[in-house]
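Hi there,

Here is the structure I promised to pass on. Have a look at it first, and then read on for what turned up inside.

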Amino acid sequence: MNPFSYSRPDSVAAAIELFGPQSRYIAGGTNLLDLMKENVLKPAHLIDITRLPLQDVSETAQGGLRIGALVSNSELAWHPLVRERYPLLSEAILAGASPQLRNKATTGGNLLQRTRCHYFYDSNVPCNKREPGTGCPARSGLNRMHAILGHSEQCIAVHPSDMCVALAALQAEVIVRGADGERGIAFADFHRLPGNAPARDNTLQDGELIVAVELKPDPHAAHSRYLKTRDRASYAFALVSVAAALALDGACIQSARIALGGVAHKPWRLAEAEQQLLGRPPQASVFGDAADALLRGAKGFEHNQFKIELARRAIIAALTDAARGTRA
C-alpha cells in the first residue's frame, strides 16, 4: 500500500473543497481498502467523510424516503420504514456480504463498489478497467462470473452489488453534490456500461459526493421478491440475481419492475420487457415472455454460457414468488 495523506472534514462543503486529482472519499472502506492493499488504487489523499451529517433516513414530502449516504447497510435493511414500504430493498441488502461487512458498509459506498473480476484485482495481469488499452484477459480466460449482457470488446466485468439491483427496480434517484452544487441522477443513468471506457463505472463528475438516495412511494411492496443464485448460501456474489416487483389488479398485472444483477456492468433493466407483462395474468408462460425480452441479445463466453438459462429460470421464479406475495 502506498503512503497517503488523510483529512477528516466536518461538512460536505469542506469535503468537496479538499478533493483533488488523486483524492478518494472514504467511509466504511469495505471495498476501497481492499483495492488499496492490492495496489489497484493508489490514492494520494483520503478524505474521511464519516463525520458528515449524512446518516439519517427520513420521509419525503411525497411520501417516499431520503436515505443519507452514510446510513449503514445493516441499519437500512432493518429500518422499519424500509421493511414496511420497500421490502425488496431490505431483502437485497440482507442477501449481500456478511453481517460484519453490512455494519460497516454505507449506502453511498455500496453504489460505488468496483467489480470483483479477478483480473481487475490482479495487478500482474492486463486489464482495460484498471489500465485502459492493455486488454481484457477475461474474454478468453476464466469468465464464469462475468457478463452476458451489455459487455463490450473492452470489458466483460459485472457490477457486484445486491442493493443496487433493488434500487434499479425501485427507480431510485441518486443525490450528489459537487463544486457546482447539488443534482439528482436517475438510478438508470448512474452506472455505465463499459463501451470503450470501462475504467469509468458511473456518471459522477470529479469531486462529486453522493449525499443521499431518494425513493418514491412504491406500489409494489406487497408483491416483490429478491432472488439471488450463487455458489454458496452466504457471503458470495451473485451468479444471477433478480429484483422483481408487481402491482396486481384482480387477475391482471397492472405494473411491473424487473432488474437483474450479476449479468452486466450495471444493474440490468429494460422497460420493454416489463411492458410484456402489463394487462396479462401472473403466470409462468407470461413471465417467460418477459424473461425472453429481458435476455434478448445475451451472449455468454466459454465458462458462463449457462448463465443465460439460469437467468431465465431465475426471472420466472422471482416473478412467480412476487405474484404470490411470498418472502424469503
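A word on terms before the findings: a cavity here is a set of grid points where a 1.4 Å probe fits but cannot get out, and its volume is the space filled by probe spheres set on those points. Please keep in mind that this is a predicted model.

With that in hand, the second largest cavity holds about 60 Å³ of space. Its lining is made up of Q113, R114, T115, K129, V158, H159, D201 and H265; by class, that is one nonpolar, four polar and three charged residues. The largest cavity has a volume of about 80 Å³. Of the 13 residues lining the largest cavity, C117, C127, K129, C136 and C155 lie nearest its centre, and by class the lining has nine nonpolar, three polar and one charged residues. In total, the structure holds two cavities of 30 Å³ or more.

Now for the packing. The largest nonpolar core has 51 residues, and L76, L89, L111 and L167 touch the most other members. Helix α9 (residues 163-169) gives this core its largest share, seven residues. Another core, of 32 residues, lies apart from it and includes V242, V263, A273 and A311.

Finally, helix α5 (residues 87-94) is largely enclosed by the rest of the structure, because seven of its eight residues are buried. These are P87, L88, L89, S90, E91, A92 and I93.

Best wishes

Note on methods
Residues numbered from 1 in each chain as written. Predicted model: local features only at pLDDT ≥ 70, side-chain atom pairs only at ≥ 80, totals over all residues. Heavy atoms only, no water. Core = buried A, V, L, I, M, F, W, Y, C linked by side-chain atoms within 4.5 Å. Buried < 20%, exposed > 50% of the residue type's maximum accessible area, 1.4 Å probe, protein only. Helix = DSSP H or I, 4+ residues; strand = E, 2+ residues; numbered from the N terminus. 1 Å grid on protein atoms, 1.4 Å probe; cavity = no way out; pocket = protein on both sides within 12 Å on 5 of 7 lines; lining within 4 Å. Nonpolar A, V, L, I, M, F, W, Y, C, P; charged D, E, K, R; others polar.
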